[in-house]
Amino acid sequence: MAALTPASPAPASTVPASTAPAVAPVKTARRPRYWRGVVLTVAGLYFLTPLISSFVFTVHVPNQGLTFAAYSGILSADGFTESLFLSLSLAAATIALALLLVVPALVAVRLGPPRLRAVVEIVCMLPLVVPPIALVTGIATVLRWGPDHFSRTPLYQTFLAVQNESFPVVLVLAYTVLALPFVHRSLDAGLRAVDVPTLVEAARNCGAGRLYVILRVILPNLRSSLAGASFLTLALVLGEYTVASLLGFRPFAVWIVSVSGAEARMSVAVSLLSLLITWALLLVLSRAGTGSAAAVPAAAPTPVPGKE
């Protein structure tokens with residue numbers, strides 16, 4: 001009887017999955033974003049218009065037409081070479097001192113208690129709160145007060161040495177303080193992207209010393225941050241006027257202002273030249289900070305020779 005029972009037909013509503021019609025994806029049309037071009041155009045005009053106007057002022061003399069006398073006389077101007085080399089020397093010394101202070105401090109903070117990070121950050125950010133005029137007033141007071149009280153001690157020669165006009169060390173110390181916020185921010189951002197405890201532990205297990213760890217393990221991973229901090233410090237030193245002027249020194253920025261009264265066009269021409277020098281040094285530092293990724297140790301360093 002079961003064999004004679006007809007099978008119940010499949011429901012008419014059941015449709016094989018293979019025969020179901022495919023749903024076409026909905027294509028969303030991309031809207032043209034004209035605002036990007038507008039923003040870039042406005043920003044370009046904002047930055048380029050003053051530069052172009054300054055260049056026209058230096059080469060166009062009323063009733064004389066075009067002349068490049070403002071540029072041809074720069075190298076022969078009195079004090080140009082000395083002031084430029086002085087500012088570059090101060091910038092190099094400031095960069096070295098700032099990195100020497102901040103890099104070990106931030107690495108130690110990464111390896112130490114987390115609560116110390118806030119203390120180091122507050123100390124490095126203080127120059128943003130204290131205006132440069134207040135800083136230079138305090139420095140000038142100390143420099144005047146020191147020789148009167150230490151004239152019969154060896155410190156008297158120290159006060160004279162830090163104020164040497166050929167290379168004023170006091171400006172290096174002042175610029176280092178002013179550059180601390182920028183150096184700290186740049187290096188702190190780089191260290192946040194690096195697992196410092198793991199790298200240090202791996203290097204120590206391979207027998208590396210502390211100095212070797214910093215120079216060959218930590219610093220190669222901070223190339224971009226080091227280049228950024230160096231450029232910000234360089235721009236700060238080349239453009240700083242208040243501290244150097246009030247202390248009586250004559251680096252590049254002070255020299256530009258001093259010649260502006262007699263040679264206005266040359267002063268503007270030198271300002272444009274300083275921008276070109278800063279941009280050129282920025283490119284050099286950028287190339288130095290964007291080395292090949294293969295040269296940067298990503299994990300554990302190579303063992304130190306002679307140590308297993």
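Is R192 buried or exposed? R192 is exposed, with a relative accessible area of 59%, where exposed means over 50% relative accessible area, buried under 20% and partly exposed in between, computed with a 1.4 Å probe on protein chains only. The legends below concern a predicted model, in which local features need pLDDT of at least 70 and side-chain atom pairs count only at pLDDT 80 or more, whereas totals for chains, interfaces and linings use all residues. Residues are numbered from 1 along each chain as its sequence is written, and side-chain values use heavy atoms, with hydrogens and water left out.

**View 1. The chain as a whole.** The chain has 13 helices and two strands, these being DSSP runs numbered from the N terminus (helices, H or I, at least four residues; strands, E, at least two). Of its 308 residues, 32% count as buried. Among contacts (heavy atoms within 4.5 Å) between residues at least 6 apart in sequence, 77% join residues at least 24 apart.

**View 2. The crossing of helix 3 and helix 4.** Two packed helices are described by the angle between their axes and the distance between the axes. Here the axes of helix 3 (residues 80-111) and helix 4 (residues 115-129) come within 8 Å and cross at roughly 155°, the axes being lines fitted to C-alpha atoms over the stretch in contact, with angles running from 0 to 180 degrees between N-to-C directions. That makes helix 3 roughly antiparallel to helix 4, a term used for angles over 145 degrees. The crossing of the two helices is left-handed, which is to say that the near helix is turned anticlockwise from the far one by less than a right angle. On the side of helix 3, L106, V109 and R110 meet L116, R117 and V120 of helix 4. By class, this contact has four nonpolar, no polar and two charged residues, with Val and Leu among those counted as nonpolar and Arg among those counted as charged.

View 3. Side chains of opposite charge can pair when their charged atoms come close. A search of the whole structure finds three salt bridges, each a side-chain nitrogen of Lys or Arg within 4 Å of a carboxyl oxygen of Asp or Glu. In one of them R110 pairs with D188, the closest N and O atoms being 3.0 Å apart. This pair links distant parts of the chain, with R110 in helix 3 and D188 in helix 7 (residues 169-192), 78 residues apart. R110 counts as buried at 14% relative accessibility, and D188 is buried as well, with a relative accessible area of 10%. D188 also forms a salt bridge with R192, where the closest N and O atoms are 2.9 Å apart.

**View 4. The salt bridge of E121 and R185.** The side chains of E121 and R185 meet in a salt bridge at 3.1 Å, N to O. This pair links E121 in helix 4 with R185 in helix 7, distant parts of the chain that lie 64 residues apart. E121 is partly exposed, with a relative accessible area of 27%, and R185 is partly exposed with a value of 46%.

**View 5. The surroundings of L272.** L272 lies in helix 13 (residues 264-289) and is buried, with a relative accessible area of 14%. Leaving aside residues up to four places away in sequence, L272 touches L51, S54, F55 and Y71. The C-alpha atoms of L272 and F55 are separated by 7.7 Å, although the two residues are 217 residues apart along the chain.

Notes:
Parallel < 35°, antiparallel > 145°, perpendicular 65-115°, else oblique.
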